Amino acid sequence: MTSSSAPVRRDRIDDATCREATAGLEFVGRRWTGAILLAIGRGASRFGEIEAAVEGLSARMLSARLRELEQHDLVEREVIPTTPVSVRYRLTPRGRDLLAAMQPLVAYHLRWGD
């Protein structure tokens, strides 16, 4: 047991760390979230491009997920004042870091399957 003044170690997965990480892991694991991050990471930046890159994703769900990704500071929305208005999405540094962290999980799945 650590005292309140001792630093918390983040390199071990103990019960408290696991509880702290659960919400974040559940958010990333929500349907469409990973696919949207991957599509943007691969270069899709406009709403229609992202929608086309993720098969089966509806415009309504994409809109909702993009708002959530913005709220979690994973995706940045840029409004370009043209006629008509153009909107582009890109990963924030935090989003790029998350995408990089997801790669070992993808490799694990490819190696071991379901």
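User: Why does Asp114 count as exposed?

Analyst: This is a predicted model, where local features need pLDDT of at least 70, side-chain atom pairs count only at pLDDT 80 or more, and totals for chains, interfaces and linings use all residues. Residues are numbered from 1 along each chain as its sequence is written, and side-chain values use heavy atoms, with hydrogens and water left out. Asp114 has 95% relative accessibility. Exposed means over 50% relative accessible area, buried under 20%, and partly exposed in between (1.4 Å probe, protein chains only). Asp114 therefore counts as exposed.

User: Where is Asp114 found?

Analyst: Asp114 is in the segment after α5. Helices are DSSP runs of H or I with at least four residues, strands are runs of E with at least two, and both are numbered from the N terminus. From Leu98, Asp114 is 16 residues away in sequence and 22 Å away in space, C-alpha to C-alpha.

User: What makes Thr33 buried?

Analyst: Its relative accessibility is 1%, so Thr33 counts as buried. Thr33 belongs to helix α2. Neighbours within four places in sequence aside, Thr33 is in contact with Phe27, Val28, Arg65 and Leu69. Contact means heavy atoms within 4.5 Å.

User: Why is Ser86 put in the buried class too?

Analyst: Ser86 has 10% relative accessibility, so it counts as buried. Ser86 sits in strand β2. Not counting residues up to four places away in sequence, Ser86 touches Arg46, Glu78, Val79 and Ile80.

User: Which other residues of α2 are buried, and what do they pack against?

Analyst: The buried residues of α2 are Thr33, Gly34, Ile36, Leu37, Ala39 and Ile40. They pack against α1, α3 (47–53), α4, β1 (75–80), β2 (86–91) and α5. Gly43 follows α2 and has a positive phi, near 120°.

User: How do you know that α2 and α4 are roughly perpendicular?

Analyst: The axes of α2 (residues 33–41) and α4 (residues 59–71) cross at roughly 80° and come within 10 Å. Axes are lines fitted to C-alpha atoms, for helices over the stretch in contact, and angles run from 0 to 180 degrees between N-to-C directions. Roughly perpendicular is 65 to 115 degrees; under 35 is roughly parallel, over 145 roughly antiparallel, and the rest oblique. α2 and α4 are therefore roughly perpendicular to each other. Thr33, Ile36, Leu37 and Ile40 of α2 make the contact with Leu62, Arg65, Leu66 and Leu69 of α4. By class, this contact has 6 nonpolar, 1 polar and 1 charged residues. Nonpolar covers Ala, Val, Leu, Ile, Met, Phe, Trp, Tyr, Cys and Pro; charged covers Asp, Glu, Lys and Arg; the others, Gly among them, are polar.

User: How many residues line the largest pocket, and which are closest to its centre?

Analyst: The largest pocket holds about 450 Å³ of space. A pocket is an open set of points on a 1 Å grid over the protein atoms alone, where a 1.4 Å probe fits, with protein on both sides within 12 Å along at least five of seven lines; lining residues have an atom within 4 Å of a point. There are 16 lining residues, and Val28, Leu98, Ala101, Met102 and Leu105 are the closest to the centre. α5 gives the largest share of this lining, 7 residues. The lining divides into 11 nonpolar, 4 polar and 1 charged.

Notes
Points joined across faces, edges and corners; volume = space filled by probe spheres on them.
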